[in-house]
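Thanks for making the time this morning.

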Amino acid sequence: MRFKEYLLELPSYRPPAGGGGPAPTVRLGANENPLGPSPRAVAAIREAAGGVNRYPDPGSWPLRGILAEHFDLQPEMVFCTNGSDEAILLLCDAFLGPGDDAVMGSCSFVSYVHRALASGGQLVRVPMRDHGLDLDAMADAVTGQTRVVFLCNPNNPTGTFVGADDVARFLDRVPQDALIVADEAYLDFADRPDVPDLIAEVRRGRPNLLVLRTFAKIYGLAGLRLGYAFGAPDLISYLDRVRPIFNVNALAQAAAPAALADAEHVARSRTHAAACRERFARELGALGLAPIPSVTNFIAFHAGDDAAVAAALAARGIAVNPLAGWGLPGYIRVTFGTDEENDQFFAALRDIVRPGAAGAS
């Protein structure tokens with residue numbers, strides 16, 4: 001058989017540190033919602049479960065209509081996928097090939113790296129500024145070979161945020177023959193007055209903007225794998241040409257409208273994340289672990305030997321995400337859990353990082 005050489009050079013997926021040991025009892029490594037899904041969504045899943053012998057709607061068209069109405073768009077501006085990762089895969093397949101470039105921050109969502117390289121494209125990784133995206137430098141990096149620019153805001157894994165004015169200037173600097181992918185998976189957690197309204201940009205007809213959202217984070221439906229995106233009708237129609245039929249399962253299509261309608265659950269999840277951000281920043285700072293200011297449901301902090309600290313936490317049943325492989329050596333990303341889970345995390349972390357302990361920085 002003849003394998004593609006650029007695919008052979010890619011690493012296959014491996015779980016974060018701690019894989020191969022006992023299953024974690026406290027899962028703080030994947031930015032999941034510790035409050036779980038909306039009870040309305042659970043009820044919708046139960047009601048739909050008896051019909052899973054039938055294929056789902058092949059294009060998620062009823063769901064597209066509901067999302068369009070919710071966000072004041074047209075259905076032809078909406079795209080539904082099997083998680084945001086599938087959207088990233090599809091857009092890379094649609095826009096990247098050998099000789100094409102994708103621009104991204106040097107420490108941003110790792111899926112951009114794998115999907116761009118798997119499509120045969122090349123990565124242009126722009127250094128971060130204070131752990132955040134340097135949008136001026138990213139715009140400077142765009143050339144005639146650039147086909148995709150990834151704007152992860154808030155940024156994963158650093159949790160940092162770029163305000164509306166900076167984003168608006170960036171959008172105007174990127175030429176229209178390059179696709180701007182605005183990944184807003186964590187935007188619902190950002191309690192800031194200067195949050196960019198990129199859906200309004202889509203509504204106004206910006207042709208080269210694709211806004212990614214997800215039901216995995218604040219809506220608590222990570223296990224159902226449901227992402228959605230907004231863009232100009234021509235862009236969405238083009239992406240539909242590479243989308244698999246039946247890519248969004250029936251239970252996800254049933255749960256999403258119920259989750260979207262449960263504003264109380266969303267508000268409760270946002271309030272919990274805000275309280276956790278304050279606690280984690282305070283307690284990590286008191287331990288001298290230099291947390292990066294976050295606007296999300298996770299926080300990254302300097303742990304010294306990130307792999308050793310993550311392994312020590314895993315031995316105590318706590319899963320976190322070391323970030324050396326993401327371009328941020330020495331740092332760990334930890335998701336906010338329930339209050340009880342957070343108590344367990346800090347009790348273990350204090351024991352690990354005390355002077356002389358294994359993995360201490």
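Predicted model: local features only at pLDDT ≥ 70, side-chain atom pairs only at ≥ 80, totals over all residues.

**Aromatic rings and their neighbours**

Let me begin with Phe-280 and Phe-345, both of which are buried, where buried means under 20% relative accessible area, exposed over 50% and partly exposed in between, with a 1.4 Å probe and protein chains only. Residues are numbered from 1 along each chain as its sequence is written, and side-chain values use heavy atoms, with hydrogens and water left out.

In total, the structure holds 16 aromatic pairs, a pair being rings of Phe, Tyr and Trp (its six-membered ring) with centres within 6.5 Å, called stacked if the planes are under 30 degrees apart, edge-to-face if over 60, and tilted for the rest. One of them joins Tyr-228 and Phe-230, edge-to-face, at 5.5 Å centre to centre with 70° between the planes. Tyr-228 is buried at a relative accessible area of 3%, and Phe-230 is buried at 0%. These two residues also belong to a cluster, linked by ring pairs, with Phe-71, Phe-215 and Tyr-219.

Finally, there are charges over rings, which requires NZ of Lys or CZ of Arg within 6 Å of the ring centre and within 35 degrees of the ring normal. The charged end of Arg-64 lies over the ring of Trp-61, 3.8 Å from its centre, and that of Arg-333 lies over the ring of Phe-298, at 5.6 Å from the centre.
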